[in-house]
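Hi,

Here is the structure I promised to pass on. Have a look at it first, and then read my notes below.

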Amino acid sequence: MADLATTYLGLSLPSPVILASSSLSNRIENFQLAESHGAGAVVLRSLFEEQIEALESERESALAMGSDSTAEAQSFFPSQRVGPAEYLQLVARAKRAVKIPVIGSINCVAPGSWSHYARQIAEAGADALEVNLYAVQADPTVSAAQVEARHEEAVQSILDAVKIPVSVKLSPFYTALANVLARLEGRGAKGFVLFNRFLQPDISLERMSLQNVMPLSQPFEALLPLRWIALLHGRVRADLAASSGVHDASGVAKQILAGATVVQVASALVKNGVQHIGHLRDGLEEWMDRRGFSSVEDFRGTLSQRVVRDPGAFERAQYVHLILSQNS
Ligand SMILES: Cc1cc2nc3c(=O)[nH]c(=O)nc-3n(C[C@H](O)[C@H](O)[C@H](O)COP(=O)(O)O)c2cc1C
């Protein structure tokens, strides 16, 4: 039988399938369910910078004006979330409830006074901390270099505050993503979660108002982290966690073949229940047994860019080839 155990952020995990930060990850029962179905770790819902500083961001206020929200969208907004004190309790309770690693999550856009909460999350027992750099930059006077500098400072302020390993959850929308990763790794980030998904407000023509929807992901969305993980594997030393569009065991295997250390899953569990993690875990084990892999290390990164026979497939060469071969 294949051994699914692995190491992520220096922590020992029984399997590479992780319950991602989501609406499921603020309930102790879900952590226990995830563990009993073979999850390698759990990531708690994010504590938002805005929550901590008790300030409403301009973006949120703008969206709130005349907005119409679905339950899912509401669950994503800081105003609907627990406060910092309850969050620390959640960390402590989660630690008592499960043996697998418990990863805290902070959502921030810039350095600030909130960063001392990172230390409190660590003191509450979190085994690691995920920093979700979720920010939409619409100010035409702010350059990419300024945005990246702020992100670096925010991560640095957390790294200064805690001794537990810190991973950074990034959006795919950086011009030079590999460089951003390399710089954050240089500062001490031990892992990267690729990628977070953005809330995209829609417009309701009936109500003539904004409609905040956050539909669950679709499997095709896994191709974006798949490509970037394949490109980055072996180029950075940090662990790479795939996030977006993984719905079945084959999706898990593909991300690891590309080079992922672990795979985080949210939408598939919101849709099918936390116990679906068991299907992902068992399906991965069956596939490994069929292929003769005794551990995840046996095949991790074996289809990353540095290893495949056609490295251009992950970059522009294949794009040009595909576009030019289309005849309608
Ligand atoms: C309902 C819901 C709530 C979420 N809340 C958070 C959150 O608090 N913090 C965070 O970093 N990501 C959050 N996410 C994003 C997920 O962790 C994940 O990155 C994203 O959904 C892509 O993975 P998936 O395709 O498996 O859903 C949330 C996702 C969903 C569906």
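This is a predicted model: local features need pLDDT of at least 70, side-chain atom pairs count only at pLDDT 80 or more; totals for chains, interfaces and linings use all residues.

Arg300 and Glu297 join their side chains in a salt bridge, with N and O 2.7 Å apart.

Arg281 counts as buried, with 18% relative accessibility, and Asp282 as partly exposed, with 37%.

How many salt bridges does a search of the whole structure find? It turns up 9. One more to look at is Glu152 with Arg187, where the N to O distance is 2.5 Å. Glu152 sits in helix H7 (residues 144–161) and Arg187 in helix H8 (residues 177–187), so this pair ties together parts that are 35 residues apart in sequence. Glu152 is buried, at 11% relative accessible area, whereas Arg187 is partly exposed, at 35%. Both also belong to a network of salt bridges that links Glu148, Glu152, Arg183 and Arg187.

Then there's helix H6, which covers residues 116–123 and has Tyr117, Ala118, Ile121 and Ala122 as its buried residues. Looking down the axis of H6, you'd see these buried residues fall within an arc of 150 degrees, so they line one face of the helix. Just after H6 comes Gly125, which takes a positive phi of about 120 degrees.

Cheers

Conventions:
Residues are numbered from 1 along each chain as its sequence is written. Side-chain values use heavy atoms; hydrogens and water are left out. Buried means under 20% relative accessible area, exposed over 50%, partly exposed in between (1.4 Å probe, protein chains only). Helices (H or I, at least four residues) and strands (E, at least two) are DSSP runs, numbered from the N terminus. The arc is that of the directions from the helix axis to the C-beta atoms. A salt bridge is a side-chain nitrogen of Lys or Arg within 4 Å of a carboxyl oxygen of Asp or Glu.
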